[in-house]
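Visitor: I would like to go through the open spaces and the strand pairing of this model with you. Could you bring it up, please?

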Amino acid sequence: MGRTRYRASSPDGMTNSMTMDAAAELAACPPLEAAVLGFVRGFRADMVTPELRVAISRVLRDQFSSQVGNSRLPWSRQARALIDAHHVAGRSRIVTSHATVSAIDAAFVNATYAHGFEYDEGHRPSNSHPGSCAVATAVAVGEEVGATLDEVVTAALMGYEVYARLGVLAAPDLIQRGFHPAGVLASFGAAAVVARLRRFDAETTLHAMAIALSHASGALECSSSGGSVKRVHPGIGVRGGMMAAQLAQVGITGPRAFLSGVRGFYKAFLQRSPAADAAQRFGFDAPFEIFRGGYKRYCCCGAAHASIDILSAYAPQLAELEAVTLRIPKLVNGMVGLANAGVYTPGNIEQVQFSLPVQSAFALLGIGNGYGAHLGYLEGAVDMALVDTVARKVQLVEDTGLDKQFPGKFVTEATLRFKDGRTESRFVENSVGTPDNPMTDEVHDLKFMELAAPVLGELRARQLLDVLTRLPGNLMASELTRLCAM
């Protein structure tokens, strides 16, 4: 006997088609899974307030500039060459290319580009980068299905929130246990975006999200001993989430307790259950995590930014400095401190960007900590012997009391001792670019042009910036990416 089907329309016109068996299965989901699925399927375009539209515009600007600027880096070219050799034809564009490929190939490369040089937006409460997943997936799938920019914006915002809210529930344990949240969480975010834009029914959405658990992966050893694979983690996660959606679409099923089950995400990765109020985070009246996102002023791990803010001002006094002591939380020490191999003797760009002593030396020497400085390192233009000498002046002291007093924040207290016996101390709780110390639009736009103009040219870069700022709702996704074609 065939299964009885029914159809219902959601408030924004999306069709919800599921079997009676599927309705029973959804009702049997644990509270957290049910809440996540309700958020994915229930989020509507009319929920994107003007404030949320400004916030997602900033994420889009940061992501597109990173995608464009990082497309020329060695590992970006390598990832692109792999897809060029094996790609499937489609309607989605790899940034800076005229050729179109499948959505899964385009999203893989563009997410890799986005995270390619430690310069993309970040969400500190989840220790991660939701934009690299949400934007790359929403734009690529949006092109594939013929979506407007309004539809892409809605899907990207929803995907950002799914990724970030799941990440908050996993922080700080996920990163402290050695996983890279940008790889692990991207599979869930990408599956959610695909389900939205391809208008999956409730049953298929459930299984897409559940199968994404089997794709969640990414270890952070590369930030300690090196490895350009770190740049590819968001691409790997996005590809996994999109593949999970494809598997669900052809009938493969996943576990309904994929998050809170005895071997679900939180138990498997963190050895603990999600918080008792976890489901409440996915209510439509819960705070939007995108407002807690930040933007990088420096081209390195965000855990080093407070120290750079402090020490940059002391570059003119470097000759007078005897030593610098940085008192940092365990969270910071685990990301850019003594937990990393070669923290004082980096042998590759990943170690440079994740070394607090080296980034401190860059600041004190006046080399700077931006995009150009790190390109200079790649090109052999930085005197690393001199950097090593200055880095040795920097002592790191872990203080777990700072973790308790400022949970989840990359705070730093710097004490500088001068050769004449003087000492000075400065403390930074919120580095420039964090929500409590935001980067101005003018500075953010300068960063956009720094990355995009050398690749696209000044005029094209400004046209792209204008569109991403205005977000004209009826513009087709394909028209947006055409501005990035070369």
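Visitor: Which elements each supply at least two residues of the lining of the largest pocket?
Guide: In this predicted model, they are β5 (122-123), α8 (173-176), α12 (222-225) and α16 (330-336). The largest share comes from α16, with five residues.

Visitor: And what volume does the largest pocket have?
Guide: Its volume is about 660 Å³. The lining of the largest pocket comprises 40 residues, and I175, C301, A303, M335 and F410 are those nearest its centre.

Visitor: How does that lining divide by class?
Guide: The lining of the largest pocket has 19 polar, 12 nonpolar and nine charged residues.

Visitor: What about the second largest pocket: how much space lies in it?
Guide: The second largest pocket holds about 470 Å³. Its lining has 21 residues, with R124, P125, P407, G408 and K409 nearest the centre. Two or more lining residues come from each of α16 and α21 (400-405). By class, nine residues of this lining are nonpolar, six are polar and six are charged.

Visitor: Turning to cavities, how many are there of 30 Å³ or more?
Guide: The count is one, and the volume of the largest cavity is about 30 Å³. F64, Q67, V95, N110, V135, A136 and V139 line it.

Visitor: Which helix gives the most to that lining?
Guide: That is α6, with three residues. Both α3 (50-70) and α6 (130-145) supply at least two residues. The lining of the largest cavity has five nonpolar and two polar residues, and no charged ones.

Visitor: Now the sheet of four strands: what is the strand order?
Guide: The order is β8-β7-β9-β10, in an open sheet with mixed pairing. At the edges are β8 (394-398) and β10 (423-428), each of which pairs on one side only. Neighbouring strands are turned by 20° against each other on average, direction ignored.

Visitor: What packs on this sheet?
Guide: Helix α18 (residues 356-365) does, touching β7 and β8. The direction of α18 makes about 135° with that of β7.

Visitor: Are β7 and β9 parallel or antiparallel to each other?
Guide: Strands β7 (residues 321-328) and β9 (residues 412-418) pair in the antiparallel sense, over six bridges. Within β9, E413 stands opposite R327.

Visitor: One last topic: what do β3 and β4 form?
Guide: They form a hairpin with six residues between the strands. In the turn, T96 has a positive phi of about 75°. Strands β3 (residues 89-93) and β4 (residues 100-101) pair in the antiparallel sense over three bridges, and A89 has V101 in β4 as its bridge partner.

Conventions:
Residues numbered from 1 in each chain as written. Predicted model: local features only at pLDDT ≥ 70, side-chain atom pairs only at ≥ 80, totals over all residues. Heavy atoms only, no water. 1 Å grid on protein atoms, 1.4 Å probe; cavity = no way out; pocket = protein on both sides within 12 Å on 5 of 7 lines; lining within 4 Å. Points joined across faces, edges and corners; volume = space filled by probe spheres on them. Nonpolar A, V, L, I, M, F, W, Y, C, P; charged D, E, K, R; others polar. Pairing = 2+ DSSP bridges. Axes fitted to C-alpha atoms, helices over the stretch in contact; angles between N-to-C directions. Contact = heavy atoms within 4.5 Å.
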